[in-house]
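Dear colleague,

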Amino acid sequence: MARTRLLAVPVALSVAGTAAMGQSPGRGFSPTGTYTDYALTNVRIVTAPGKVIERGTVVVRDGRIAAVGASVTVPAGVVRMDLAGNSVYPGLIDAATSVGLPSPTRELAAQTVAQAGAAGGGRGGRGGGAAPGGGRGIPLPNGAAAPPAPPIVLPELDADAEAADMFAPTADQLSAFRTAGVTTVGLVFNGGIFPGRVGAALTGSRNDGRLGLRSSAGQEIAFGTKRGGAYPSVGIGSYAFIRQSILDAQYESRLDKAFKAGTPGGRPANDPFARALMPTATGEMPAWFVASKERELSRVAEITKEMGLKNVVVVGAQEGWKNVDALKRATAVAVVSLEFPAVDSVSGRNFMLYGAGKTGTADDSSLARDVRGNAGALAKAGIPIALASFGGAPGTTFRDRIRMAIAAGLSPDDALKATTVTPAQLLGISAAVGTIEPGKLANLVVVTGNDLFASGNPIKHVFVEGRLY
Amino acid sequence: MRIRITDQSTRAALATALFSLAIGTPPLAAQDVAIRNATIITITNGDIQNGTIVVRNGKISAVGQNVSIPVGIRVIDGTGTFVMPGIIDAHSHAALENGINEGAESVTPEVQVQLKNDDPVIYRALAGGVTAANLLHGSANTIGGQARVIKMRWGMPADSMYFKGAYRIVKFALGENVTRASSTTPADEKRFPATRMGVDFTLHYWFEKAKEYDKEWQDYRAGVKTNPNLIMPRRDLRLEALTEILHGDLKVHAHSYRQDEILMLIRAADDLGFKISTFQHVLEGYKVADEIRQHGASASTFADMWAYKVEAWDAIPYNMALMTERGVLVSVNSDSDERIRRLYQEAGVGVRYGNMPVNEALKMITLNPAKQLGVDKMVGSLEVGKDGDIAVFSAHPFSPNTMVDYTIVDGKVLFDRSQSTTLRKLVTTANPGGAP
């Protein structure tokens, strides 16, 4: 299946540019239908974390922010919304969700699985049916005349699958995101080994057209296994398999360079799996590791150092507060899941309760505070963070959980940064979203009162790409 | 007799210190401790009656009868107790996660086991006086994965529990487990090798491949000096690990039972040019002790596992004593989350069956496994300069009435029977099926 590497994201920074792109059919994606244009007046504007216009106007045209400021002339023909007593924020970004994505462990047709097994476990597997102990497959007889079968791609090893292409949420799921003020999501598969590439999408209605904003934002690396007893069949095998796959991609890259330079020697194998991993193996594309427990973070640090990976992102990072050192060693950005782990599943809980002389239940322990304080602790330790609902349901509780993280020590400014600017950079869409600036997509949240994260302040309106919800 | 902490404030300080460790802050000065008026079993320098042992900054600073205790450090009154080196288990699968075996293929030395540092079994092992263990890959494969040698630093992050300086160890296996003799799944039956002769062939096949691979890299390293355009070869983690075995950098611990398979592996190793470092289980080792010694291998066995499977039919409890008599370095191991708590009883079997001298029997759970894991310069006996890894028993470790009162790792008291009730309750709650 041919996949688009970069969805055409209209990221022009001027209104004129935007208009030009909107009028060029066939060159990039244009939202369908016509826009209603708006002017949000008399509103408190938080243009970016820490940057506030106490009373001003935001003009939205053709799905983009046309103007923002304390004294902006409202053009004729736009719908005026007087929002005195309200604040407008950049639409929030949930940096990682698997909602709307197919599972990397989805069932395949029975025949496909059998073929994959015979071929040594599908693409990305070691061949080696003929090697004793090297695989369980059956070797082809010598001189077999049949042409090779097309490669079978297992979803757990579909390294160039694009999450942004595969994003198919229900209307309810999209609405749930918007309810919490989330206008953009980072798309990260849930499971597999190399299940594909991270992308970004909008949370507007599907009827408005394509939601995908950005693909190939990163190569996801999870520590799952192959199915049916093929190698790697357990997590320890998966760790070795991931290292070998990265090494193979690095080797492919060496051959590729030599081949292009005309250096005598081997030529590239052109294995699609190795080639899909090349950008990450050589440090061009970020590596997004899924890891949460303290010891899993250490493993990410080890693999990162051993393989010389750059631009490392850790998704989950639920026990980051216990292993800041590993995140530093990997120079990782933490996409912190707000699905707080059950306290009794946190590494070392028993010991800590003992050490602290506590005998009560987990809920009233200091550990519950530590678990919620994860994001705050990481921010204080200087680890760049983005917040995510990864591992949980979409939307509705996202804001409540941010509030809990703030109550446990995350500063509101850091919380806003971790749901706007940082994830926008991480997903490669900071030219289009993350702040309220002219030229950017009109992704906006209007909340009653002065504080998006304060309890009791209802979200009044959400705009996604200029559409009002 | 019960032992009391002499200084009440120590308890509070200890709790604080342990809590700090658990949440990853640097340890407080809790690595100093002294035990006085105890019977000290040094293993290397006899037993000391009414002796004192002092640990400072995690290392043993003094052992003897006339030892002065520095002011201000925690002192345990050891009257009536027996103090011995922390017990070392040369074969365990405790506290591992994400699989014990990568059994999809029969040759997987590129794999390494992964430590589950908060597994309560670590605390239970401490309750049995164990301070270090060799956490091995399982025995499903001809050449399995790499081990982790750990110290039982309960409460510390996984990274901090690895025993620095220990051998890098890889698991080999022979016999019924590798050939899937007791398997009931069709997938297992398909896997090569299915017989002992297939195991022999598998070893030869892969080590010959590894030699080719080694040569390819040697040629590259030599050639690139004069031709910088040479393309660096593919790194293959599996073959790379096999070359490390050939070069002696990765030590082989081979799961084995029968004398014929032991001799087969010795012959294969001699043919292919590598060494077996330790035969694990080695239940018929008493039949081929001379051959094991001549190869330069040691043995780590069970106290008594007669006939628990067909290939264990000739297992006898005299195995430890007989191999020791023939000059083989012998340890006794647990291979079990249950037996890891009472390795001292397992070692005692050697005294009853085979009349091993008491100190020789104790070596099988201290100095000898330390040698097998490459850590005997640091642990395994109570000597000045070695690590402060100590078990304090309420009676002689071979007494049927004995219990571990304290287990100390790097000078930190990580098990204290008088304070264990709270944790024991929690550990039981977390694992309702497990024994406290």
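How many bridges join strand 1 of chain A to strand 2 of chain A, and do these strands run parallel or antiparallel? Strand 1 (residues 38-48) and strand 2 (residues 51-61) of chain A run antiparallel and are joined by 7 bridges. Strands here are DSSP runs of E with at least two residues, helices are runs of H or I with at least four residues, and both are numbered from the N terminus; two strands pair if DSSP finds at least two bridges between them.

Please note that this is a predicted model, in which local features need pLDDT of at least 70 and side-chain atom pairs count only at pLDDT 80 or more, while totals for chains, interfaces and linings use all residues. Residues are numbered from 1 along each chain as its sequence is written, chains are lettered from A and ligands numbered from 1 in the order in which they are written, and side-chain values use heavy atoms, with hydrogens and water left out.

In the hairpin of strands 1 and 2 of chain A, 2 residues lie between the strands, and Gly50(A) takes a positive phi near 85°. Ala48(A) has Lys51(A), in strand 2, as its bridge partner. Strand 2 of chain A also pairs with strand 3 (residues 64-69) of chain A, in the antiparallel sense, over 5 bridges. Their hairpin has 2 residues between the strands, with Asp62(A) at a positive phi near 50°, and Arg61(A) has Arg64(A) of strand 3 as its bridge partner.

Chain A as a whole has 14 helices and 16 strands. Of its 469 residues, 58% are buried, that is, under 20% relative accessible area with a 1.4 Å probe and protein chains only.

Helix 5 of chain A packs against helix 6 (residues 272-281) of chain A at an angle of about 90°, with the axes 8 Å apart. These two helices are therefore roughly perpendicular, a term for angles of 65 to 115 degrees.

Yours sincerely

Key: Axes are lines fitted to C-alpha atoms, for helices over the stretch in contact, and angles run from 0 to 180 degrees between N-to-C directions. Angles under 35 degrees count as roughly parallel, over 145 as roughly antiparallel, 65 to 115 as roughly perpendicular and the rest as oblique. Buried means under 20% relative accessible area, exposed over 50%, partly exposed in between (1.4 Å probe, protein chains only).
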